[in-house]
Amino acid sequence: MLGSDMIETPQNTGKQNTIAFSLNEKINKDTMVSLMKDDEAIITFTAPKSFKTIIISTDSLVSGDYQLYTEDFSTKQISYGINADNTFTKENSVSVNNQNNFTVSQTVNSFGK
């Protein structure tokens, strides 16, 4: 889920983990974004609109450290901007409050504002 400024995280009652970001700077439309754990892309997508907040929830989101990266171009997509093969180059690390390593340790994990 992408947003422009405000963010409302889900309750802690879900069965899969969630990570929410209120970013320092806006990510522009058509920018490729990837949430990675070690060298594995958990989710990679092309932004359908500019955004400053993002919520990601997937059963692939397990306890551990994650990084958020962007690229200024996209080559391989399937519908809704999801990257078909999760190939991604770690071009630009996204930081939130001078932090670029995000630890998932509970059901809902928030970073930023």
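This is a predicted model: local features need pLDDT of at least 70, side-chain atom pairs count only at pLDDT 80 or more; totals for chains, interfaces and linings use all residues.

Colleague: How much space lies in the largest pocket?

Modeller: About 210 Å³. A pocket here is an open set of points on a 1 Å grid over the protein atoms alone, where a 1.4 Å probe fits, with protein on both sides within 12 Å along at least five of seven lines; lining residues have an atom within 4 Å of a point.

Colleague: Which residues are closest to its centre?

Modeller: Of the 13 lining residues, those are Glu25, Lys26, Ile27, Thr70 and Val94.

Colleague: And which element gives the most to the lining?

Modeller: That's β2, with five residues. Strands like this are DSSP runs (E, at least two residues), numbered from the N terminus.

Colleague: OK, new topic: how many residues of β2 are buried?

Modeller: Seven of its ten, so β2 is largely enclosed by the rest of the structure. Buried means under 20% relative accessible area (1.4 Å probe, protein chains only).

Colleague: Which strands does β2 pair with?

Modeller: β2 runs antiparallel to β5 (residues 51-57), joined by six bridges, and pairs in the parallel sense with β9 (residues 108-111) over four bridges. Pairing needs at least two DSSP bridges between two strands.

Colleague: What stands opposite Ser22?

Modeller: Thr53 in β5, while Ala20 stands opposite Ser110 in β9.

Key
Residues are numbered from 1 along each chain as its sequence is written. Side-chain values use heavy atoms; hydrogens and water are left out. Grid points are joined across faces, edges and corners, and a volume is the space filled by probe spheres set on the points. Buried means under 20% relative accessible area, exposed over 50%, partly exposed in between (1.4 Å probe, protein chains only).
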